[in-house]
Amino acid sequence: MAKFLSKGFWESVASIILRNRPLIIILVLAFTVFLGFQWRHMRFTYTEANLLPDDHEVNLEYQNFKDKFGEEGNLIVLGIQDERLFTPEILTAWNELSARIAQADAVALSLSLKDLKILDKQEEPQRFDLVPFMTDSTLTAESAASYRKLLFDDLPFYENLIYNKETGTVRSAVYLKKDLINTPARRDFVVNDLIPAIADFEAAHDIKVRTSGMPYIRTLNAQNIIDEIGIFVGAALLVTSFIFFFFFRSYRATFISMVTVIIGVMWAFGFLGLLGYEITVLTAIIPPLIIVIGIPNCIFLINKYQQEYKNHGNQVKALQRVITKVGNATLMTNITTASGFGTFILTESSLLSEFGVVASINIIAIFLLCLLIIPILYSYMSPPKEKHLKHLGKNWIEGFVDWMERMVRNRRTTIYASSVLLLALSIIGIYQIRISGSLIEDMPKKAGFYKDIKFFEEEFDGIMPLEILIDTKKKQGVMKLSTLKRMEELSTTIEEQPELSAPISIVNLVKYAKQAYFNGNPKYYQLPTSNERNFILPYAKSFDNNENLMGAYVDSTGQYARITTFMKDVGTDKMERAEENIQLKIDKLFPEERYEVTMTGTALVFQKGTDYLVMNLVISLSLAILLIALFMAWMFKSLRMIIVSLIPNLLPLLVTAGMMGFIGIPIKPSTILVFSIAFGISVDDTIHFLAKYRQELKANKWKIKKSVYASLRETGVSMFYTSIVLFFGFSVFMISSFGGTVALGGLVSATLLFAMLANLLLLPSLLLSLESEIANKDVFKEPALQIVDREGDEDPAGTKTKDKQ
C-alpha cells in the first residue's frame, strides 16, 4: 500500500486531476445529481430507536408479543383537568371532539365519555349487554352532574383508565389501527386530523387539552428531528464560514469552501437515500458533521496553495504541490477520523451500524470533494492577490505558541502533575456515571408534548407501555379461575411499584362482570369465587361475541393473556429494581412447567437496548484504539511510539467521562458516540505532530530538544486553528432542543479541546522525558508513509513555510 501513497503516486494523482479538470467537474456534478435523485428514497423514522440486534432475545420476545396482540404502542390519550368538563356545554363539545377524531380513517377505536359502555345483566336469555354510559340526547346540568357521579362512584373498571378519582382528571383513549402505527399515515392523522381538532376545541372553550401516547410522541419527536436538520446545517455553515473568513479574510476562499461542503451535505443526504437508511436522531447529525469535518480539509488545501504561490509565484506549480503534499496528510487524517466512526459498523445494532456506514462513507467523500474541487476551481481563477495572502504573515498567535513552548521547556512537572490530577478526578467521576434507559430523556424539555408527558405521569403514572405476556400452554387456560387469581396477585405487585401505573388485563373485565351480575354494585368489583363463577359463566359467554371486549386482553385461542401497565420516565436503576420485583413475583406465582411469562414492551426494549449499547461502547472504543494503534505501528514501526501517542489521546476521553459523572450526563444512545468520534478526530493532531517531529529529528541529527520545540512551533498553530473550527463546529449541536444532541456537541467539543492541549503539552513533554528511550534511529525508524511534505508544513496560520530539511 505504501507505494501507492508515495510521492510518485500523488504526483500522478495531481497530474490526472489538473489534466482532466472539465471531465472531473462533469463527473462530480453528475454524481451529485444522481445522489440528488436518491433524496426521494429518504425515509424519516416512524419508530423509536431499537438498539438491539434483530435476533436478540429481548427483540424476539417483543416480536412474539406483537404477533399475538399486534403493535402495542397504538394508544393516544387526551386529558382534561377542569371542573367545567361536567357542564352541558363543555361536555357536549368534548363528546363532539371525540366523535370528530373517531371519524378519521386511522382510528380503530375511540374511548371517550360518550363511547363508554356499561355491563348490564339481562335474564332472557342470560347475558351481559353493553349499554351506553350516556343516554341523554340533550344534556342538562342535572344529567351532566349525574354522569360524573356515576363514573367516579360506580364504575371502578374505568378508574386509572378513563379518570383519576383523586384529581378529577378525565381522559379519552384513541386507539389507532395497528397496521398504520409505523407508517406515514400516523403522521398524517396526528398533524392533519388530531392537532387541528384539539386546537379548535381549546380556542372555542379556553380549556387546555393534554395530549400524549407513543404514536403522538413519536410523530412530534420525529418532526423535531426533521426541523433541526435544516437548523444544524445552516448553523454549521454560518459558524464555519465565519471562522474560515476570519482566518483567510478572503470571500472567494470562503465561497469555494462553502460550495465544497454544501456538495458534501448533498452527498450525505443522497447516500442516506441510496442505502435506504432511515433518518434518525443519529443519522440526522451526519450532514452538519460533514461540514465541521470538511472545513479543516479546506483550510489545509487553500492555505497550502496560497503558501506555495507566495513562495514562487507559479500558480500551476502551486496547485500541483497542493495535491502532492497535502493530499497525503488529509487522506490519512480523514481515514483515522472515518475509522473512529467506522467501528460502529461492527456492532450488531442496526441503528449504530447504519450511522457508522454513512458517516464513514461521507468522511472519505468530503476528502475527495475537497481534493478535487478546490484545486480545479482555483485553476480557473486568477492567481491570489496580495490581499489574499495577508493572513500568512499573522503573528498574533505567537503568544499562544510561546506559552506552549515555555510550559514544555520549563514546567513539565506541572504538566505531569496536572495530568495525574485530572486522571484521578476523572476516575472518581467515572464511578458516578449513570446509565439512562429512558425513552423521553432526550426529548425537548420545552416542547408542549414533553410537558404533557409529565402531566400524564402525575395523573396516570406514565404513558410508556410495559407488557407482560402470559402463556398458559393450554387453550382457554386464561379463563381458569386459578390463572385469573395469579394474574390478580401479580397485578397487585405491579400496582405497588411507584414507577408503574395500575395494570389493565382480563382480570379487570372479569371483576366488572361480577359487579354487573350483582346489579352494578361497586363493592362487588372483584374476582368471583368458584361458586359465583358457575352462576356468572352463562352471562359471561356473551363476551365471546364481542371481540373488542376480549381481544385486547386475550388472544383468540384463550391460551395467551396480556397485562398492560405504563411506566414513568425513571432512571434505569429504578426500572431494573421494579423489574426484579415483578420477576420474583412471576417466578413465585407461575410455575415454569405450567406457564411461560415474559416481560416486554417498548419501554423495556429501549432500556435493554441502552444496556446493550454500553457493552458496545467498550467494544467500539477498543476497536478504534486498536485500529489507530495498528495505523501508528504501520506508520512509525515503533511500539514505544504507539504507547506515547495513545496516552495524550486516551486521557481526554477519561477526562470527558469524568465530567459526565460529575455533571450528571448519563450514558445513553446519543452520548455513547462521543468517545469514538472524539478519539478518531483527536488522533489526527498526534499524527501531524509525530510526523513533523520525525522530520525534525532527521534534519537536526537526532537532537531531541531542538526537534520537539521546532515541531511544537510549527504544528501547534495548525492544531490550534483546526481545533477552533472543530470546537465551534461541534458546539453548533448545542443549539438542539434534544438533550442528547446538546450533550454530544458539548462533550465532543470539550474532548477535542482537551485533546489539543494534551497533544501540544503532554505529548512533547513525554517525548522530552523519554528521549533516551525513543530518540534513536533503531527505535524511531523511517515511517512507512510520508505524512507531512518535506518542503513545508501545512500550517494554516502560515507562520512558517519551510522546514529545516
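Which side chain meets K514 in a salt bridge? In this predicted model, the partner is E532, with an N to O distance of 2.8 Å. The pair links distant parts of the chain. K514 lies in helix α17 (residues 506-517), E532 in helix α18 (residues 530-540), and 18 residues separate them. K514 is buried, at 2% relative accessibility. E532 is also buried, with a relative accessible area of 19%, because the cut-off for burial is under 20%.

The salt bridges number 14. Among them is the pair of D115 and K114, whose closest N and O atoms lie 2.7 Å apart. D115 counts as buried at 18% relative accessibility, whereas K114 is partly exposed at 29%. Another is formed by E123 and K121, with 3.8 Å between the closest N and O atoms. Here E123 is partly exposed, at 39% relative accessibility. K121 is partly exposed as well, with a relative accessible area of 21%.

E495 belongs to helix α16 (residues 481-496). Its relative accessible area is 49%, so E495 counts as partly exposed.

The chain as a whole has 805 residues, of which 60% are buried. Its secondary structure comprises 26 helices and 11 strands. The accessible surface is about 32,400 Å². Carbon and sulfur atoms account for 58% of that surface. Of the contacts between residues at least 6 apart in sequence, 80% join residues at least 24 apart.

Methods
Residues numbered from 1 in each chain as written. Predicted model: local features only at pLDDT ≥ 70, side-chain atom pairs only at ≥ 80, totals over all residues. Heavy atoms only, no water. Helix = DSSP H or I, 4+ residues; strand = E, 2+ residues; numbered from the N terminus. Buried < 20%, exposed > 50% of the residue type's maximum accessible area, 1.4 Å probe, protein only. Contact = heavy atoms within 4.5 Å. Areas by Shrake-Rupley, 256 points an atom, 1.4 Å probe, with all protein chains shown as cover. Salt bridge = Lys/Arg side-chain N within 4 Å of Asp/Glu carboxyl O.
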